[in-house]
Every structure is written in structure tokens, then in C-alpha cells.
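Hi,

Here is the structure I promised to pass on. Have a look at it first, and then read my notes below.

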Amino acid sequence: MYYTFIMTGDLSDTSPPEGVEEWTPVPDAVDLVLECAAMESTLAAQRLIRIDAMRRELLLDAEGRGSATVEIIERSIRLELAAAMRITEYSAGRMIVHAEALVRRYPQVLDSLHAARITPKHAEVLADDLAQLMPELRGQVVDRALVLAEAEPVGTFRRALRSLLATVQAASLEERYRAALQTRRVAMERGYDGVGDLLLRAPEVALQAIFDRATAIAKTIVGGEGETRTLDQVRADVLCDLLIDGVTDAMPSAARGIRAQVVVTVPVLSLLAEEPDGTADPAVVEGVGPIPMSVAKELCGGDGLWMRVLTHPETGTVLSVGRDQYRPPAMLRRLVKWRADRCMAPGCWMPASRCEIDHQVDWQFGGETSLENNAPFCKGHHIVKHHGDWTVGQIDGSGGAVEWISPTGRRYVVQPERRVPVFRMSSAVAEDSVAPF
Ligand SMILES: [Zn+2]
């Protein structure tokens, strides 16, 4: 005998369907996988509830006996769970922490997991990241965090959540940045067979600039005549050359003078404020996230390699991208990447600076080079878009959201990091003239 279950959003609803019609259409192969994934979410919620109940019960028992400190009792509970489940005590400890967080502090997140609106991984990220926050701030963000978790794939959710946490902690960002800066260092890790790792802890803005510059130089080298090294290999060789000799011999003339370009977005009022008072939104660096205003001011004041984007304090509308950036199409390219921040495929984390610009409506079919028709995709997703039978397009009037419709007909919407109002460029505007932004 065969049973067919059709998952509805709420797994606690076990009432039979009212009409036979509800049992159609027959689930396709993707539905069958989703069905299991949803059951996993529900079971994960159940497990957390039971782990928390177990911990409470064992705590009460042990306290009744009065023989040990709470610390020892907690350790003993961790050992019991680890031994019973045949997992490490570390994993058992994490489960206990997650169980307490969801059952005791964030019941709305537990409900969402139970109803399979989020995955166990979403719940884990949410519990771990909120634990980094001062307890009095957690209540302020948990509902907003849950909205993000229910809407976004895990990677996108994690980034959005970190930005959210950085924003609510903006008041102490400066202080925390200074403290974290004290831990900067270089370390070496021995590897195997004579190849190891060099670890550099430094401001993320600087790391991003180093990585981008190495990538830009490496890209001029790979694919050249007789060149067989991969991009990863060339990037490593370029960094070795630069750090050991101060120059890289392999650099062709095209790569000379390549410097990293970093996009920093600054709410204009924050930039004007004399002293950071902690109430303004933090500045955000593409691919890195929020940075202290003092660092942003340094970046905005000086080097022309920073693309400065000033935004209106309330609407977030772009006010200026800097006078030197007004010439299309380079500026358009940058604006398209800045708006998206990442590859615009569902769940992709690839920074926009390392993506290709796609015409959603192909150039050959009359697609324009415009904000409304351009979005960054990483190489892999660019190929999937063109050859994978997906239908991909920007949603009209959305300010940059991209819709992906899969070969099985499922629809996924990827929101850009920032919204940019669309200004139409007159066809009379030549490439070198000023764009009407
Ligand atoms: Zn991608």
C-alpha cells in the first residue's frame, strides 16, 4: 500500500484534506526531496524540545542530590547526551545551547522550525549569532532575524543577519573595532609535504583590498600564452612575489598599476557628523560589511581608488557616486555591482566585484545596457543562466530584484543588497558625457 503526503506549511495540521482535488497535482521529484527536508526541520525542533526537557530534568535531579556544582552537573549532562547519541561532547554542548536558546528565549523561532518554514541550519545560525549580542539587544532583533530566515537561503541569511546585528550595535562598533584591531597578527601553519598556510589577521577592508588586487593581477596572467596555472595558483604566486621581492616578475604590462578598488557606502549624515555618536547607520564596505565611521572617513577623504557612494539618510537613495565616477559605462557597471553586492543567483555569496555583468535580456535580442537589464552573476551561475534552461529576469520596478524560474517551474526571487531608483539615460548621451544621476 502506498501513502502520499503532501506537505503544507504547517506540519502540526494533520487534518485530512477536504476534497480529493487537494491531493493533486502529484508531487514532482523536487517536492519529494522538500518533503524530507521539511520533516527534518520538524524533527530537529522536536529534538531541541526534548533535549531541553532532558537537561531541565537532570538539573533538578542533581540539584536535589546537592552533591556537585552547577558546572559539574552541566558537564555531566553534556557527557550523558554525547554518550547516548554517540557524538562528541562538543556537539552535544552545542545542541544543549541551541535547545535552551530556542525553547526558552526564542519560541517564535522554534515554532518556525517546527512548521518547516526555516531549516535547522537557519535556526543554528540565528541562535549562534544572537548569542554574540548583548542580552538586552536580542529581543529587538529576533523577530526581524526570523523574517530574514524565512525568506532567504542560509548564506544570504547569515550575511543579512550580520549586517542587522552590526547596525543595532553601531553605538559600540567603533569601540569593538579598536579592541579587535589589537588582535591583528601574522601566523604560519605548517602543512603537509612542504606546503603550508600563512594567516593574516588585519582589518577586513584591507584584506578585501589585498585579495582583490591579487585577483585582478592574476586575471591578467591566467589564460595567457603557455600559462597552465589556475587562478588560485597564480594568486598565491603573485602574493609570494609581492611579499618577498616587492614586485612580481610574472606581471604583464596590462597588470601594472592595478590597485584594489573598494566600494564604501556612507550614509551622508554620518559622514557630516563631527563625532560619531553611535546613532547613525554604519558605513558599509562591499563584500566586507559595516565598518567604523572613523575608518570610513579616512577612506572617503583620501585615495581616489575608493568608490564613494553617499546615500540619503532616510530613503537610502543614492545621492552621489563621486565626481570621478560619472562616466558610463564604467560607472554603470559599478552601480550595478554595488546595488547587488553579490552574485544575483539564489544563495550565492560571490562578491559582485568578482562577477560578470549579465544582460538579462540578451544584447542580441535587443536587451539594453541599463540598470534595469544588468545584474552581476558569478561565472558558474552565468553559465547556468544561459545554458541551464532557467528563465531569469529583473522584476519590473523592483529596483533590481532578479527572478529565477527553474526548469521544474519553481520561482526564486533574489533581492539586491541596495535599491537604486532607475534613471533612464537618453540615447543621445555619449559614452564620455556625464550620466544623469
Ligand atoms: Zn553565483
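A definition to begin with: helices (H or I, at least four residues) and strands (E, at least two) are DSSP runs, numbered from the N terminus. The expected span of a helix is 1.5 Å times one less than its number of residues. You are looking at a predicted model, where local features need pLDDT of at least 70 and side-chain atom pairs count only at pLDDT 80 or more, while totals for chains, interfaces and linings use all residues. Residues are numbered from 1 along each chain as its sequence is written, and side-chain values use heavy atoms, with hydrogens and water left out.

Helix α9 covers residues 204–221, which makes 18 residues. From its first C-alpha to its last it reaches 26 Å, close to the 26 Å expected at 1.5 Å a residue. Its buried residues (buried means under 20% relative accessible area, exposed over 50%, partly exposed in between, with a 1.4 Å probe and protein chains only) include V205, Q208, A209, D212 and I221. Just after α9 comes G223, with a positive phi of about 80°.

Helix α3 has 17 residues, 89–105. At 1.5 Å a residue it should span 24 Å, and its end C-alpha atoms are 23 Å apart, which agrees. Buried in α3 are A92, G93, M95, I96, H98, A99, A101 and L102. An α-helix has 3.6 residues a turn, so residues three or four places apart point the same way. What covers the buried residues of α3? The cover, counted by contact (heavy atoms within 4.5 Å), includes α1 (29–65), α2 (70–85), α4 (107–114) and α5 (120–131).

C343 is buried, with a relative accessible area of 2%, and C378 counts as buried at 8%. H381 is partly exposed, at 24%.

As for disulfides (pairs of cysteine sulfur atoms within 2.5 Å), the count is zero. C355 counts as buried, at 7% relative accessibility.

Some loop residues

Most residues other than glycine have a negative phi, and most peptide bonds are trans. D341 is not a glycine, yet its phi is positive, about 70°. D341 sits in the loop between α13 (330–340) and β8 (356–359) and is buried, with a relative accessible area of 6%. A116, in the loop between α4 and α5, also has a positive phi, near 65°. A116 is partly exposed, at 26%.

Finally, look at S398, in the loop between β10 (391–394) and β11 (402–405). S398 counts as buried at 17% relative accessibility. A polar atom of its side chain lies 2.6 Å from the backbone oxygen of I395.

Cheers

Methods:
Polar contact = N/O pair within 3.5 Å; in protein donor to acceptor, adjacent residues only side chain to side chain.
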